[in-house]
Amino acid sequence: MTQGTPDYRDAGLEFPEGFVFGSATASYQIEGAAQEDGRGASIWDTFSRTPGKVLHGHTGDVACDHYHRLDADLDLMQRLGLQSYRFSIAWPRIQATGSGPANDRGLGFYSRLVDGLLARGITPIATLYHWDLPQTLEDAGGWTNRDTAYRFADYAHLMGEALGDRIAMWTTLNEPWCSAYLGYGSGVHAPGVTSGRAALTAVHHLNLAHGLGLTALRDAVRKPDAQYSATLNLHSIRGAEDAPEESQAEAIRRIDALANRAFTGPMLRGAYPADLLEDTAAVTDWQFVRPGDLELIHQPIDVLGVNYYSTVTVKMWDGVSPRTNADGHGQAAGSPWPGSEHVEFVQQPGPYTAMGWNIAPDGFESLLVDLHEQFPTLPLMITENGAAFDDVVIDGRVHDPLRIDYLRRHFTAAHRAMQRGVDLRGYQVWSLMDNFEWAYGYTKRFGIVHVDYDTLERTPKDSAHWYSELIRTRRIPE
Ligand code: FCB
């Protein structure tokens, strides 16, 4: 184990050759052009138009207008020195209603994006699903409908055929935890359903989509060194120290089952954890898991994508004290924790980002080390990490020392995890530019590049320059 400063601000840390430094975005959050070139509606178009669902009624109609500013944005990535770019493909641009032949104009956009990256020496990392489900599929039940997983596999096959000669790394799903539990459980994300049973049904169908999608991709891709992955927002869970040890352990076990092992179990071990099935028995009998499904889901992957922002702290509710509901994912109408509603999420020590998320690089290090201990041969990639702060442009500059400090401490945590044996291949900072932050609309700025939503002008923040230096030198700047 390496000795470092307790605050994760070690000096002079250097990353190895081959470690890939990049940045990440997602289609609905940046593209805009919501009705152009044959794009169909997604659940986020519908949700953002539903009064009360997204702050200030913001939508992704224009977003960062990336769809129309592709070349300039690619030039910006090159100027920053990015080595990789993680983007997502909007399914409804490819299949407006979620099935049928591919729309050439939609494919054309992503083909230009990928060619533009390659021409600039930037490695493309493509995510097939970052939450913009075609609305037509939602009308038929969305992720609660088993057929959606088969539709996803068809879409994956189309993308493999179209871009499979050029994409270095494919990711099936981004954070299926959010799609299932926030989309169908708490209802704070599209499609806004509030049912524990629906959420768990969605968990399984998302897992199935991952497995079927990987198989379809592999069948279509003609690039022998292409890599395949999924991205999970694994929860880094701590026990609330004021609670008895058994209460902490039970709460940690339950949240780990729902948040983490519900995905790593089937994807990486070929089974749902027995305790998950028990914990949720009053919610569902899991009859939607059909014979053979686990074999379909349990496909080999080359890398696991990890998104990390903060930790959660839990204990079992004692039935007396008021519950705090501080799990950091917005005000819920329903529960994102089916069968474990009696777990209490307690307020965590600061400091906090503008999301109210606690800053905890130690939770990042321990998550990576735990994951490596559970799956010692599985390489990891940080597919998202970053922070929102209330940035302002002054005289054409954005001073964001808090973001620089956040990144510095989290890169340090990643470096320490590598020193402890974690096979970490790269790091994609969230996000390249400020964008539509889901239920928070445009009120939260995660970019290393500032976006003025009136003029759509891009201004690299100090953190972008800091990151450029890190990429150039492989050393965390002081
Ligand atoms: C993740 C999402 C990403 C972004 C960040 C802040 O959960 O994958 O799109 O919104 O959070």
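Q: How many bridges join strand β1 to β2, and how do I read such a pairing?
A: Two strands are said to pair if DSSP finds at least two bridges between them, and the strands themselves, like the helices, are DSSP runs numbered from the N terminus (E, at least two residues, for a strand; H or I, at least four, for a helix). In this case three bridges join β1 (residues 20-24) to β2, and the two run parallel; A24, for instance, has R86 in β2 as its bridge partner. Strand β2 is also joined by five bridges to β3 (residues 123-129), again in parallel, with Y85 partnered by P124 in β3.

Before going on, note that this is a predicted model, in which local features need pLDDT of at least 70 and side-chain atom pairs count only at pLDDT 80 or more, while totals for chains, interfaces and linings use all residues. Residues are numbered from 1 along each chain as its sequence is written, and side-chain values use heavy atoms, with hydrogens and water left out.

Q: Which residues of β2 lie on each side, and are they buried or exposed?
A: In a regular strand the side chains alternate between the two faces of the sheet. Buried means under 20% relative accessible area, exposed means over 50%, and partly exposed lies in between (1.4 Å probe, protein chains only). In β2 (residues 84-88), five of the five residues are buried, with S84, R86 and S88 on one side and Y85 and F87 on the other.

Q: How many salt bridges does a search of the whole structure find, and what counts as one?
A: A salt bridge is a side-chain nitrogen of Lys or Arg within 4 Å of a carboxyl oxygen of Asp or Glu, and the search finds 35 of them. One of these pairs D293 with R146, their closest N and O atoms being 2.9 Å apart; it links distant parts of the chain, 147 residues apart, since D293 lies in helix α12 (residues 293-297) and R146 in the loop between α6 and α7. D293 is buried at 1% relative accessible area, and R146 also counts as buried, at 14%.
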